[in-house]
Amino acid sequence: MKKSKLVLWLLLTSVTVSGAAFVHFTLESPTTNYPTRNIQGIIMWGAGGATDTMSRAITPYVEPQLNKEIVLINRSGGAGAISTKYVHNKKPDGYTLLYGAENPQLHGVLGLSDIDYSEFYAVNVLARGISVIVSHPDQPWRSLKELMDDVKARPKEIKMGSTGPGGLPYVVGAMLGSEGAFEVIPVPFDGDGPAITALLGGHVDFLPSGFTATAEHIRSGRLIALAVVNDKEISLLPSVPPITLDYPSFKKFLPWGPFYGVFINKQAPRNVKETLTKAFHHGASNPQFIRFVNDFGAIPMNISGQEADEFLRKWQSVTTWLLHDAGATKKSPTIFEIPRP
Amino acid sequence: MSQAFEYFSMGWVDPYLFFLTALGTFAGIYVGAIPGLSVTMAVSILISFTFAWDVNEALALMAGVFMGGVYGGSRTAILLNIPGAPSAVVTALDGYPLAKRGEAGSAIGLSTVMSFIGGLIGIITLMIAAPIISEFTLMFAPRDYFLLAILGLLLVGALSGESLAKGIFCAALGVTLGMIGLDPLTAEERFTFGNLELTGGVPYIAAMIGFFGIAEVFVQLHHLDIKPIRQNLEKILPSWKLVKKYLPLSLQTSGIGVIVGALPGTGGDIASLLAYDHAKRITKDPSVPFGEGAYEGLIAAETANNAAVGGAYIPMLTLGMPGDAVTAVMIGALFIHGIQPGPLMLTETPHLFWFTVGNLTLANLCILIFGLTGIKLFSKIVQCPKGILLPIIVVLSVVGTYAIQNSVVDIYWMFGCGVLGYFLKMYGYQVAPIILGIILGPMIDVSYRRAALSVQNDIGLFFWEFLSNPISLILTASVFLILLNQFRNRKT
Amino acid sequence: MTSQPKSTKRTQIPGELVFACLLLSLSLLIAFYALSISGFSSMSSPGSIPMLAALFMLVSSLITVIKTTGTTTKNSTFITRLTPPILLFFASISLTYILVIDQLGFLISSGLFLFASILALYRQGPSIAMLVSINTLAIIYIIFRLIFKVILPEANLWE
């Protein structure tokens, strides 16, 4: 009696759920055009990071263009190398997108992986971030030059917040180092956020950082910006001088900054590339998205294909050689046939 | 003040916001309970989902999911020995033994009430002391994080069971597992053997599901024919006397939860570990020994991890800095909704603070309501025949592990940890210290090296700094006192 | 300090000494790899904590080996005590399941696994096993795939 009741109950549930599943499947029946089913978007950094936020901000503007959902998944690890390889190894049918930052362009010289963006088609490079050099108001420096002079006067005493090799502070540090003696104590953190927290608490003395994460702290006066790593002033930080004011030789590195983009395997069919490029271009042109990018302290780019490739190549050439000259690479850029800028 | 109250009650008087918070809490409980579905993941999905919504609506839903999710993790920890979330690892230590003794119902009831109390303390602290605490947490230097992690690791003494040597072995094994992958500071590969998949490290949720869930499944196969223990479902709600008796303990462990939750980079998992350690030390005679179903252990874990929610909001609302992974995602959500998270948020978008406090209070109340309903049904899971339950647990573990980041390799890790965990358990090793090591290992590694780098690898200066600063001094003294105490206890 | 009078008199579980020795060799192996990360180059080198952890593993597993030698084995064999047939069966079927999940996809592999293992463990006939399997799969599919949009392994055998 009891057993038969159980069987009946189970049967009833089966009928209901299989009905629901059936409806779901028929709704997803394939047709001929791309995309016919939901697309998977792999984000190469963890939840809550800048790449994650940028990816989740653009996607809702793109989905209506494709009439499908883009399911986003964070797959961090190996500084983005794992995601990059994962997407690269997937069937090049345009159903797996890579939401990435600048990192793969450095994986070769850092000895992490041989796959960089030259293996991908750039659907859209959405934006590039601006870097600023910030310090704590308790410190005596009010300009980058004062800081640099102090570094020269007191070698190996001043602590610089960093985020590990290839990270933004590291590269900006290498740029500063190209100006001559630059002996600081780099203290690496897991990202911009923890580094800023340490700067606020006085555990490091200065920090090259993405503008996004520091903007509000600068505005509130809890941190002061010494220079913007750009060749002209930016509208959000009107009184802060561009780095080229004191160091004109920096022009050769600029524009430089982290960037965020969407990529697919180069082997994807043409119509897939075109559909995606159009959809993302449309999404990234949305005024609301542009406002978000500006609020985020970044510069909208919205470039794809050839134009994006050129940008990516220049970025790679500048950065890898900078790191190589600073002695921070495991393999020379020449191995990857990266030309010197 | 009246302004503050108006903002506070926004989410209470608007029926739609009220509904969203309640819905979020309800969904959160299940997200938390299902292994592999994390609160971080759910809040990330909500970003796209609530994209076109009003920011208040989005925040109400997210606050509910956060609160509910942290609580929900205790469900599967108690019933199946699979912590639904990292912050519920400690809950499993005493919760699962309780369920095995037929007290699943009262364990869930107690954890619900204690989660409510913990959550409330977290919210009250957020409400009255947010600015002070956020300034306080900024004072924590890398060496203090190191000391904090060491404090947590000393818990190994309490988790080792019959043999301290075996416990230490397991903790060190956990630390080693946590080291696999790219070193976050130098990008040096550690224990990767040139394999790219290994550069991502062992996701500790996968290890956790393996060591706890799968290992226990294998152990249970020995008792396949033993009838499941009938669950006592008469008394679910803890008596007022019981709550009152444990009130001092729950207040202390909640306090630990708030502070650890507010520290950037540490969340509910470390909070509950430290709280458990504290409870174990101050409780002279627990209801039953710790690890065998002590109410004190369950209370410490559940109050601390829910108090950590309020704590995590402190740096987010006062400084715009994340207190943990979930608030990091919420900060992203604020950006997308056109709000600039930062120190000026308190003055420029004043409603945000009190509105959030109001939402969290509501969500916390919802936990009490949703948490105390349906317990009977849930407890029945444990009474399900093992021949059916065990295969389902395996499938759930596999899917849950895969769901973390769509990786089949993670499933292999999970299973491997399960097999190893089984043999360790059979030979009298405890698996809890392994998880302790996996959680604290990376924190010890980076904070120790960061502290060493800050003093240019000068050993003398390194140790001098431990004494030169009040916070470090207190933490150092605590480490020594506990060590001393443990030696003495072992001798007598 | 660590030796408790209770544990020295304890009889050992079959294979305990072998297992303790295995863990000791694992520790040696880990110590070797930890040493190769960066050696003793500096206090803050990436290898410092792994080396320390390996040292703890070595010492503690050595203590365990020493304490285990000298204890006598109980009257049971490794097979009956640790790997009874049902456990071996379940472990191997689970292993097969996770190895084929990528090829067969989530639904087919989990369905087969659930059906076979419930049939063997619950022993109440195929119809119940079938029903429970289908229900479990449906519920998991709905929660993970439909509600939370988690991509589950899809069959790629025929692609």
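Is F32(C) buried or exposed?

1. This is a predicted model. F32(C) is exposed: its relative accessible area is 54%, and the cut-off for that label is over 50%. The residue sits in helix α2 of chain C, which spans residues 16–38.

2. Together with L29(C), Y33(C) and F193(B), F32(C) makes up a nonpolar surface patch. The accessible area of these residues together is about 440 Å². Note that the patch draws on chain B as well as chain C.

3. Chain C is assigned two domains: domain 1 covers 5–80 and domain 2 covers 83–147. Taken over C-alpha atoms, their centres are 36 Å apart.

4. Next, the interface of chain A and chain B. Here 47 residues of chain A contact 47 residues of chain B. About 4,100 Å² is buried between the two chains, with 61% of that area from carbon and sulfur atoms. On the chain A side, R56(A), H203(A) and E216(A) contribute 14% of the area buried against chain B, more than any other three residues.

5. Two salt bridges are found across the interface of chain A and chain B. R219(A) pairs with E348(B) in a salt bridge; 2.7 Å separates the closest N and O atoms.

6. Finally, a residue of chain A. S317(A) belongs to helix α11, residues 305–325. S317(A) has 6% relative accessibility, so this serine counts as buried; the limit is under 20%. Beyond its neighbours within four places in sequence, S317(A) contacts I338(A), P339(A), R340(A) and P341(A).

Notes
Residues numbered from 1 in each chain as written. Chains lettered and ligands numbered in written order. Predicted model: local features only at pLDDT ≥ 70, side-chain atom pairs only at ≥ 80, totals over all residues. Heavy atoms only, no water. Domains from an automatic or database assignment. Patch = residues over 30% accessible without salt bridge, like charges linked within 9 Å, V, L, I, M, F, W, Y side chains within 5 Å. Areas by Shrake-Rupley, 256 points an atom, 1.4 Å probe, with all protein chains shown as cover. Salt bridge = Lys/Arg side-chain N within 4 Å of Asp/Glu carboxyl O. Helix = DSSP H or I, 4+ residues; strand = E, 2+ residues; numbered from the N terminus. Buried < 20%, exposed > 50% of the residue type's maximum accessible area, 1.4 Å probe, protein only. Contact = heavy atoms within 4.5 Å. Buried area = accessible area lost by both parts, 1.4 Å probe.
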